[in-house]
Amino acid sequence: MKLPPISYHDYLKIDQLLGCQVLRSEQVKLPAHDEHLFIIVHQCYELWFKQIIKEIDSAIKIMNSERINENDMGLIVSRFERIKQIQKVMDMQIDVLETMTPMDFLEFRDLLLPASGFQSFQFKLFENKMGLRAEDRIVYNNVRYTEHFEDKSSQTLKESETQPSLFSVVEKWLERTPFLQDASFDFWSSYKQAVEKMFVLETEMIKENPLLNEEAKARNYKIMEESQKIFAGLFSESEFNLGKKQGHWRLSHKAILAALFIHLYRDMPILHLPYRLLSTLKDIDENLTYWRYRHALMAQRMLGTKVGTGGSSGSKYLKDSTEKHKIFQDFFQLTTFFIPRSKLPELPNDLTIKLDFYYKG
Ligand code: HEM
């Protein structure tokens, strides 16, 4: 099909776009200059949310299959990289909005009641598609978050809770990781041995350290015992699952082991992209936490201790959700179990070949 030529103006629907800023303060004949900025910034956010959701959907679609084509791994990572860059812009938009002073905001704030950012459907969808579970959300105004939306949006949000999320497809993908166990190598038992060796060496180092007196040595032994206990919590699947029930972990034991393997051996060529995938996901989660925190500070700066227009405890709700609404927290905890490269179990030759870019000329 041949399309007729089109102008910039028609292609981007500039008339519609520029007609979307309707100032409430002008409607009541008390024009507040900064309300225009307030609307523009929010509308830009909504557009960026739309783009992020598109990127996440495409990554979920590719990953939600029994086998991911190796060629698609780079594509997923580039989609995640794009989300990271958008998040940078989202963060800078807070700087732009903060050029509005609290007094300027007060000029029109009361005219917005009871509208609130909490009613951003796309933001909640973004969180659900990332993998935030309904039970992990801080309850806002004593009702389930979906109750704050009209029927159709509420239904879509509920459905998105049961559909594959980035978290669930990444977990399944990790569980399928090959190389962890074959005839010549068992990652888990080799890693356990390496950790035990590391602790023996550390005990020796404390014992032989001439700078430590008996009291300092006892203190260091105790710290080491604590970290041995933490490792034991990972080594035993039943203990791990107990920790999972108590909310210390969210991923399955199998997925955690695979993520650990990928991080520890990320220098192996075949593991570069899987490592970058996990690492960019961590960046996205961290950027989201950072945005939540900056948004909470902005709310506090603008409102002090006033309640939000949506009726929540304002900046307190936002600060609490910063901690509670993290999604890929497991990847951050995993760092506890890293051991230095020099202490890593050596991989057998046949596995090293499999993990390398192996060119047969
Ligand atoms: C003057 C600037 C702003 C203030 C004072 C402010 C204040 C608040 C407050 C107090 C809440 C908690 C819910 C409530 O009680 O209303 C909230 C939620 C929210 N706001 Fe803002 N906000 C501002 C700007 C923005 C901007 C520019 C966005 C971009 C879209 C935004 C997005 C959100 C979102 C998504 C939530 C829900 C967060 C969650 O549930 O975790 N806000 N805001």
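The iron atom of the ligand takes a single donor from the protein, His295 through NE2, at 2.1 Å, where donors are N, O and S atoms within 2.8 Å of the metal, or 3.2 Å for Na, K and Ca, and sites may look incomplete since water is not among the atoms. His295 belongs to helix α14, residues 272-303, and helices here are DSSP runs of H or I with at least four residues, numbered from the N terminus.

Before I go on, please note that this is a predicted model, in which local features need pLDDT of at least 70 and side-chain atom pairs count only at pLDDT 80 or more, while totals for chains, interfaces and linings use all residues. Residues are numbered from 1 along each chain as its sequence is written, and side-chain values use heavy atoms, with hydrogens and water left out.

Let me turn to helix packing. Helix α10 (residues 187-208) packs with helix α11 (residues 214-235) at an angle of about 175°, their axes being 10 Å apart; the axes are lines fitted to C-alpha atoms over the stretch in contact, and angles run from 0 to 180 degrees between N-to-C directions. The two are therefore roughly antiparallel, a term for angles over 145 degrees. The contact, meaning heavy atoms within 4.5 Å, includes Trp188, Tyr191 and Phe199 of α10 and Tyr221, Phe231 and Phe235 of α11.

Several of these residues return among the aromatic rings. The structure holds 27 aromatic pairs, counted when the ring centres of Phe, Tyr or Trp (its six-membered ring) lie within 6.5 Å. In one of them, Phe187 and Tyr191 have ring centres 5.6 Å apart and planes at 25°, so the pair is stacked, which is the word for planes under 30 degrees apart. Phe187 and Tyr191 are four residues apart in helix α10, and therefore separated by about one helical turn. Both Phe187 and Tyr191 are buried, that is, under 20% relative accessible area with a 1.4 Å probe and protein chains only. Ring pairs also join Phe187 and Tyr191 to a cluster whose members include Trp249, Phe261, Tyr265 and Phe337.

Finally, some backbone details. Most residues other than glycine have a negative phi, and most peptide bonds are trans. Lys29, however, has a positive phi of about 60° and is exposed, with a relative accessible area of 69%, exposed meaning over 50%. Asn142 likewise has a positive phi, near 65°, and lies in the loop between α7 and α8. The peptide bond from Leu113 to Pro114 is cis, with omega near -10°.

How values were computed
Angles under 35 degrees count as roughly parallel, over 145 as roughly antiparallel, 65 to 115 as roughly perpendicular and the rest as oblique. Rings of Phe, Tyr and Trp (its six-membered ring) pair if their centres lie within 6.5 Å; planes under 30 degrees apart count as stacked, over 60 as edge-to-face and the rest as tilted.
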